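Please open the structure in your viewer and keep the selection panel at hand. The tour moves from one open space in the protein to another.

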Amino acid sequence: MVTAAEVRAVALSLPRTSEHLIHDHIKFRVGKIVYVSISPDEEIMGFGFPKEERAALIAAEPAKFAMPRLSDQRFHWVHARMAALTPEEMRELVTDAWRMVVPRRVAAAHLDSR
């Protein structure tokens with residue numbers, strides 16, 4: 001099971017990330033773009049994900065991934081049940097979501113430095 005503290009540690013290690021509490025949701029963003037969100041009960045992690053790949057991800061592991069609420073389906077967004085994620089999966093999902101919102105050179109510089 002992944003915790004909010006583990007998500008926070010990964011997200012805040014990524015350049016240009018800031019943390020915000022909005023309507024009891026913990027949100028990590030670059031500028032004004034949110035790329036990861038944790039529900040108030042810390043059971044669901046929403047994250048940026050390509051819309052065109054979303055259905056396949058959910059179909060492959062429906063116990064782990066779900067569509068966001070209807071109003072958020074217009075965005076590149078998916079929900080994951082935190083209890084079903086491994087720390088490695090969470091790290092990959094958070095990093096990939098972050099890569100969607102930063103300039104390529106920032107992502108490349110950070111990933112090359114690791």
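**Stop one: the second largest pocket**

Begin by selecting β4, α2 (51-60) and α3 (87-99), each of which supplies at least two residues of the lining of the second largest pocket. Helices (H or I, at least four residues) and strands (E, at least two) are DSSP runs, numbered from the N terminus. This is a predicted model, in which local features need pLDDT of at least 70 and side-chain atom pairs count only at pLDDT 80 or more, while totals for chains, interfaces and linings use all residues. Residues are numbered from 1 along each chain as its sequence is written, and side-chain values use heavy atoms, with hydrogens and water left out.

A pocket is an open set of points on a 1 Å grid over the protein atoms alone, where a 1.4 Å probe fits, with protein on both sides within 12 Å along at least five of seven lines; lining residues have an atom within 4 Å of a point.

Next, select Phe49, Leu57, Glu92, Leu93 and Asp96, which lie nearest the centre among the 14 lining residues of this second largest pocket. α3 gives the most to its lining, with five residues.

**Stop two: the largest pocket**

Now select Lys27, Val34, Ser37, Asp72 and Trp77, which lie nearest the centre of the largest pocket, itself lined by 23 residues. Colouring β2 (25-30), β3 (33-38), β4 (44-48) and β6 (77-81) will show the elements that give two or more residues to this lining. The largest share, five residues, comes from β3.
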